Amino acid sequence: MKHNFKNLKIWILSMEIASDIHTISLGFPKNEVFGLVSQMNRAAVSMASNIAEGSNRGNVHFKHYLNISLGSSFELQTQLLIANQNKYITHEITLEIENKIIEFQKMIYGFIVKLG
């Protein structure tokens with residue numbers, strides 16, 4: 001079964017998270033541009049991109065791409081916590097974005113289960 005990724009709540013949320021990450025990373029120190037900023041943006045982009053790429057495939061392959069997206073979300077969550085630990089972002093911003101990531105993780109896991 002093929003899916004229109006633009007209609008999937010998990011894709012919409014992943015796009016919101018990617019936008020949030022891009023916005024907060026603009027305030028990171030310049031020495032992190034090729035380090036943490038790059039890694040966080042790649043992980044966030046990977047979340048949405050893998051959903052989109054897998055949506056045009058059968059359920060078995062789609063689940064594989066969804067699992068890659070899920071893995072990227074855990075990577076991003078860790079990087080977000082590192083950014084907070086280094087005081088690049090406030091605790092409040094960290095919680096706000098981390099809660100979105102956790103919501104995404106729950107939603108994508110449920111979607112994977114639903115696909116069978």
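## Starting at histidine 3

Leaving out residues up to four places away in sequence, histidine 3 touches Leu8, Ser55, Asn59, Phe62, Phe111 and Leu115. Histidine 3 sits in the segment before helix 1. Please keep in mind that this is a predicted model.

Is histidine 3 buried or exposed? Its relative accessible area is 17%, and buried means under 20%, so histidine 3 counts as buried. Along the chain, histidine 3 and serine 14 are 11 residues apart, and their C-alpha atoms are separated by 16 Å.

## The whole chain

Now let us step back to the overall picture. The protein chain has 4 helices and 0 strands, and from the N terminus on its elements run α-α-α-α. Taken along the principal axes, its C-alpha atoms fill a box of roughly 45 × 25 × 20 Å.

How does the radius of gyration fit with a compact globule? For 116 residues such a globule would have a value near 13 Å, and the protein chain has 14 Å, which agrees. Of the 116 residues, 44% count as buried. Among contacts with a separation of 6 or more, 73% come from residues 24 or more positions apart.

## The nonpolar core

The largest nonpolar core holds 31 residues, and the members that touch the most others are Ile21, Met40, Leu66 and Leu76. Which helices supply this core? Helix 1 (9-25), helix 2 (36-54), helix 3 (59-85) and helix 4 (91-115) each give at least two residues. Helix 2 gives the most, with 8 residues.

Setting aside neighbours within four places in sequence, leucine 66 is in contact with Ile10, Ile51, Ile108, Phe111, Ile112 and Leu115.

## Helix 3 and serine 69

Helix 3 has 27 residues, which at 1.5 Å a residue should span 39 Å; its end C-alpha atoms are 39 Å apart, so the two values agree. Its buried residues are Phe62, Tyr65, Leu66, Ser69, Leu70, Ser72, Ser73, Leu76, Gln77, Gln79, Leu80 and Ala83. These buried residues pack against helix 1, helix 2 and helix 4. An α-helix has 3.6 residues a turn, so residues three or four places apart point the same way. Just after helix 3, lysine 87 takes a positive phi of about 65°.

Serine 69 is part of helix 3, and its relative accessible area of 0% makes this serine buried.

## Helix 4

Helix 4 has 25 residues and reaches 36 Å from its first C-alpha to its last, close to the 36 Å expected at 1.5 Å a residue. The buried residues here are Thr94, Ile97, Glu98, Lys100, Ile101, Phe104, Gln105, Ile108, Phe111, Ile112 and Leu115.

Which helices do the buried residues of helix 4 pack against? They pack against helix 1, helix 2 and helix 3. Glycine 116 follows helix 4, and its phi is positive, near 95°.

## Aromatic pairs

How many aromatic pairs are there? The count comes to 3. One of them joins phenylalanine 5 and tryptophan 11, with ring centres 5.1 Å apart and planes at 75°. Planes over 60 degrees apart count as edge-to-face, so this pair is edge-to-face. Phenylalanine 5 is partly exposed, at 25% relative accessibility, whereas tryptophan 11 counts as buried at 15%.

Phenylalanine 62 and phenylalanine 111 form another pair: their ring centres are 5.8 Å apart and their planes stand at 80°, so this pair is edge-to-face. The pair links distant parts of the chain, because phenylalanine 62 belongs to helix 3 and phenylalanine 111 to helix 4, 49 residues apart. Phenylalanine 62 is buried with a relative accessible area of 0%, and phenylalanine 111 is buried with 12%.

Note on methods. Residues are numbered from 1 along each chain as its sequence is written. This is a predicted model: local features need pLDDT of at least 70, side-chain atom pairs count only at pLDDT 80 or more; totals for chains, interfaces and linings use all residues. Side-chain values use heavy atoms; hydrogens and water are left out. A nonpolar core is a set of buried Ala, Val, Leu, Ile, Met, Phe, Trp, Tyr and Cys residues joined through side-chain atoms within 4.5 Å. Buried means under 20% relative accessible area, exposed over 50%, partly exposed in between (1.4 Å probe, protein chains only). Contact means heavy atoms within 4.5 Å. The expected span of a helix is 1.5 Å times one less than its number of residues. Rings of Phe, Tyr and Trp (its six-membered ring) pair if their centres lie within 6.5 Å; planes under 30 degrees apart count as stacked, over 60 as edge-to-face and the rest as tilted. The radius of gyration is taken over C-alpha atoms; the globule rule is 2.2 Å times the number of residues to the power 0.38.
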